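Q: Hi, could you walk me through this model? I'd like to start with the rings and then move on to the helices and loops.

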Amino acid sequence: MKIIYLIGFMGSGKSTIGQGLAEDLSKSYLDTDEYIERTYQRKIVDIFAEDGESVFRYYEIEALKKINHVDIVSTGGGIVEKEVNYDTMKNNGVIIYLEASFNEISKRLLNDTNRPLWNNNNGDKKNLFNRRIPLYEKFADYIIKTDDKTIEEIIKELKNIIKHV
Ligand code: S3P
């Protein structure tokens, strides 16, 4: 089976949906952020605060290359910032974009404290969102709209898509 990569903005449900899909299909699952935290024994927030975003992006590129032994991978929202990540994912599998509106994301991340690019971005959240959307669209083989859908509905759509890949 090709690797199923889930991409999308922070709070779009990549981890929840990825885990749910993996359980449903009895497949293996990994999240790039979790892999980074485990490999470097540091929290994402600390990597951002102490070393900055560029170091995190380097870790993320390496993590994505190394994670080639699992069936379903949920990626960090900024995976689309580096073109090389497209090559890695395209060579190993199929890329599915979980699309969510800015309003929906804002609601979901209201009390979040774990995402430096969301929490430290005061006025610029919408700009980041708007800049990222065309990148997700460019990377995606398939797009699933997630607003107003239950986790079960989204997983069902995903299962339909991956039947054909
Ligand atoms: C980021 C998204 C986060 C995490 C990091 C940077 C981003 O992952 O990788 O905080 O640049 O959008 P989630 O999309 O899982 O929140």
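**Aromatic pairs and helices**

Q: How many aromatic pairs does the structure hold?
A: The structure holds nine aromatic pairs. For a pair, the ring centres of Phe, Tyr or Trp (its six-membered ring) lie within 6.5 Å; planes under 30 degrees apart are stacked, over 60 edge-to-face and the rest tilted. One of them is F9 with F129, an edge-to-face pair with 5.2 Å centre to centre and 75 degrees between the planes.

Q: Before we go on, what sort of model is this, and what was counted?
A: This is a predicted model, where local features need pLDDT of at least 70 and side-chain atom pairs count only at pLDDT 80 or more, while totals for chains, interfaces and linings use all residues. Residues are numbered from 1 along each chain as its sequence is written, and side-chain values use heavy atoms, with hydrogens and water left out.

Q: Thanks! Back to F9 and F129: where do they lie?
A: F9 is in the loop between β1 and α1, and F129 is in helix α8 (residues 125-139), so to speak 120 residues apart, and the pair links distant parts of the chain. Helices here are DSSP runs of H or I with at least four residues, strands are E runs of at least two, and both are numbered from the N terminus.

Q: Buried or exposed, those two?
A: Both F9 and F129 are buried. Buried stands for under 20% relative accessible area, exposed for over 50% and partly exposed for in between, using a 1.4 Å probe and protein chains only.

Q: How about Y40 and Y59, what is their geometry?
A: Y40 and Y59 are stacked, at 3.7 Å centre to centre with 15 degrees between the planes. Y40 belongs to helix α2 (residues 32-40) and Y59 to helix α4 (residues 53-66), so this pair ties together parts that are 19 residues apart in sequence. Y40 is partly exposed at 29% relative accessible area, whereas Y59 is buried at 13%.

Q: Which residues do ring pairs link into a cluster?
A: F9, F102, W118 and F129 are linked that way. W118 also has the charged end of K125 over its ring, 5.2 Å from the centre. The cut-offs for that are NZ of Lys or CZ of Arg within 6 Å of the ring centre and within 35 degrees of the ring normal.

Q: What does M10 touch?
A: M10 touches G77, I105, L109, R115, L117, W118 and L128, leaving out residues up to four places away in sequence; contact here is heavy atoms within 4.5 Å. M10 and W118 are 108 residues apart in sequence, with their C-alpha atoms 8.1 Å apart in space. M10 sits in the loop between β1 (3-7) and α1 (14-25) and is buried, at 9% relative accessibility.

Q: New topic, α2. Which of its residues are buried?
A: T32, Y35 and I36. They cover an arc of only 100 degrees around the axis, which puts them on the same side of α2; the arc is taken from the directions from the helix axis to the C-beta atoms. These buried residues of α2 pack against β2, α3 (44-51), α4 and β3 (72-74).

Q: And what caps the N-terminal end of α2?
A: D31 does, with a side-chain oxygen 2.9 Å from the backbone nitrogen of D33. Such a polar contact is a pair of N or O atoms within 3.5 Å; within protein, one must be able to donate a hydrogen and the other to accept it, and residues adjacent in sequence count only if both atoms are side-chain atoms. Just after α2, Q41 takes a positive phi of about 55 degrees.

Q: What does the side chain of T75 reach?
A: It reaches the backbone oxygen of L6, at 2.7 Å. T75 lies in the loop between β3 and α5 (83-92) and is buried, at 2% relative accessibility.

Q: Last one: which residues of α9 are buried?
A: I154, I155, L158, I161 and I162. Seen down the axis of α9, they fall within an arc of 120 degrees, so they line one face of the helix. The face turned away from that buried side carries the exposed residues E152, K156 and K163.
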